[in-house]
Amino acid sequence: VQLQASGGGLVQAGGSLRLSCAGSGGVLSGNAVGWYRQALGEQRELVGSITRGGRTNYADSVKGRFTISRDNARNTVYLQMNSLKPEDTAVYYCTAGVMILGAYQPYDYWGQGTEVTVSS
């Protein structure tokens, strides 16, 4: 299993970025997918998730600004980030997992993340 997040970079506050998550072997199309982020010195947090059927959930801190979508034909999941804030600065990771009682649970595999820096 390989997961690779990409699309990070440096952006000014108020700007937008779109992250992509590519997976091998159909790992994304066959599972729920979650986006996590980890800021320096902070714990990793779940940004949002998307079920196989396309239902999404988001952390309160990103609701209304971030959107997760998926293209199963391309085995790719996206995280569109708008109205970015300096506090969104972190390394972002994508994971494959399952929904258990409505809550996203990742498999125990973490691919390489992509760094997002939002300047004020």
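Buried means under 20% relative accessible area, exposed means over 50%, and partly exposed lies in between (1.4 Å probe, protein chains only). In this predicted model, local features need pLDDT of at least 70, side-chain atom pairs count only at pLDDT 80 or more, and totals for chains, interfaces and linings use all residues. Residues are numbered from 1 along each chain as its sequence is written, and side-chain values use heavy atoms, leaving out hydrogens and water.

**Aromatic pairs**
- The whole structure holds three aromatic pairs. Rings of Phe, Tyr and Trp (its six-membered ring) pair if their centres lie within 6.5 Å; planes under 30 degrees apart are stacked, over 60 edge-to-face, and the rest tilted.
- Tyrosine 36 and tyrosine 104 make a tilted pair, 6.4 Å centre to centre with 50° between the planes. This pair links strand 4 (residues 32-38) to strand 10 (residues 103-106), across 68 residues. Strands are DSSP runs (E, at least two residues), numbered from the N terminus.
- Tyrosine 93 and tryptophan 110 pair edge-to-face, because their planes stand at 85°, with centres 6.2 Å apart.
- Tyr36, Tyr93, Tyr104 and Trp110 form one aromatic cluster.

**Burial**
- Tyrosine 36 is buried at 10% relative accessibility. Tyrosine 104 is buried at 6%.
- Tyrosine 93 is buried at 15%. Tryptophan 110 has 29% relative accessibility, so it counts as partly exposed.

**Charge over rings**
- Arginine 44 lies over the face of tyrosine 93, 4.6 Å from the ring centre.
- The charged end of arginine 44 also sits over the ring of tryptophan 110, 4.1 Å from its centre. The cut-offs are NZ of Lys or CZ of Arg within 6 Å of the ring centre and within 35 degrees of the ring normal.

Conventions:
Helix = DSSP H or I, 4+ residues; strand = E, 2+ residues; numbered from the N terminus.
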